[in-house]
Amino acid sequence: MKPNRLNRMAVLVISTMSLAGMSIPANAQQQPQEEQKQPHKQPQQQEPSQKQSEQEQKRRQQQEQKRTRQQAQEEQRQQEKQSQEKERLQRQSEEDQKRQQQQQQERARQQAQEEQRKQRKESQEKERLQRQSEEDQKRQQQQQQERARQQAQEEQRKQQKESQEKERRERQSEQRDERREREAEQQDRRISRQQQQQLIHQQQEEVKQYRRYLEQQESRARDQAEELRRQNRLAQYRYQEEYLEHLRQQQRRLRDERFDYDRDPYFYAAPIYRYRRDGRYYEINRYGANVLRQALHAGYAQGFRAGEADRRDRWRAAYRDSYAYRDASYGYRGYYISRSEYNYYFREGFRRGYEDGYDSRYRYGRYADGNYFMSDNILSQILNFESIR
C-alpha cells in the first residue's frame, strides 16, 4: 500500500476514535439526569444499566471502526481502481501515441513514395518530351534537307534543261554559221594538199589528247565538288555540277562523232587573219577565228555565272580558284584550234565575266536571249584580227 493511502486510513481511524471518546461524556451527562429523574431506584438496578450502556457504546465503537475500516478499504479499492484506470489510460495513451507515430511514419513513408513516384513520373515525362522534341527537330531537319535536296535537284534539272536548250540553239547557230562559211569558203582560195594533210594529222593528235584529258577530269572535278560542300558554297557547287555535266556531254559527242576531215572546209581553207599573242603572230582562217570568238563568249558567260555564285555564297572574289577557270574547255569541240589556244581566250573571257557577275554589272558584256555575251568592242580589242587578204 502506498504511503498516502496509509495516511488517509490513519486519519479516518483517529477521527472515529475521537467521535467515540466524545460520546462517553454525553452518556455521562445523561446518567445523572436519569438518576435525578429516578431517585427512587436502587443501586442494584443502576449497575446493569451502566454495563449495558458501556456495551452499547463499545458495540457502536466497533461498528464505527468497522465502518471506518470498510470505508478505508473501499477508499483503498477506489484508489487502486483509479490507479489501475490511470495506468490503463496511460498505457492506452502511450499505445495511441505509438500508433499515431507509426501512422505518421507510415503516412510520411507513403508520402515520400508518392513524391518519389511523382518525381519519377515527371522525369520520365520530361525525358519523353525531350526525346519527342529531339525527334521532331531531327524530322524537321530531315524534311528541310529533303526539301533542299529536291530543290537542288529541281534546280539542277532546270539548269540542265536550259543548258541543253542553249546548246541546241548554239548548235543551230553554229550550223547556220558553218553553212554560210562553207558558202563563202567556196569562193576562197585553198591550201595545198600537203598542207591539208599536215593540218589533219595535227588535228587528229589534238583530238586524241583532248579525249584523254576529258577522261582524267572527272576525278579532279569530284575532289573540287567535295571541297565546295565542306565550305558550304551551295551556289558555287550547283554551278560546278552544271559545268561538269556539259563537259560530260562534250565527251560523249567527241566519242560518238564521225568527223570527215576531207570534206570539212577548215582543213583546206587558207588563212585570212593574223593576230598577236605573247609577242608572236599567228595566222588563222575564218573557221578558227570563229572558234576563238566562241571561246571568249563562253569564257565570259561561265565567268559571270561563277562570280554570281560566289557573290550569293558570300565568298571572297577569287576567279583563279574556280574549276571552270582552271579547266577552260567549256564549249571546246576539239577541232580547228589547239586546246591551249582555246584555254587562253576562254580564261580572258572568264576573268572579265567573273568580275561582272561578282559585282552584278555589265562592264565587259551583255545579257541577251537567256545567255551572257562579251561586248563586240571588248572582243575586238582582245583578238585584234588583222586581215591578210
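**Close-up views of a predicted model**

**View 1. Gly307 is found in helix α5, which spans residues 286–312.** Helices (H or I, at least four residues) and strands (E, at least two) are DSSP runs numbered from the N terminus. This is a predicted model, in which local features need pLDDT of at least 70 and side-chain atom pairs count only at pLDDT 80 or more, whereas totals for chains, interfaces and linings use all residues. Residues are numbered from 1 along each chain as its sequence is written, and side-chain values use heavy atoms, with hydrogens and water left out. Gly307 counts as buried because its relative accessibility is 0%; buried means under 20% relative accessible area, exposed over 50%, and partly exposed in between (1.4 Å probe, protein chains only).

**View 2. Gly307 touches Tyr354, Gly357 and Tyr358, when residues up to four places away in sequence are not counted.** A contact means heavy atoms within 4.5 Å. The C-alpha atoms of Gly307 and Ser322 are separated by 9.2 Å, and these residues lie 15 residues apart along the chain.

**View 3. Arg258 lies in the loop between α4 (234–256) and β1 (273–277).** Arg258 is exposed, because its relative accessible area is 70%.

**View 4. The chain as a whole comprises 8 helices and 5 strands.** Along the sequence, these elements follow the pattern α-α-α-α-β-β-α-α-α-β-β-α-β. Of the 389 residues in the chain, 31% are buried. Among contacts with a separation of 6 or more, 77% join residues 24 or more positions apart.
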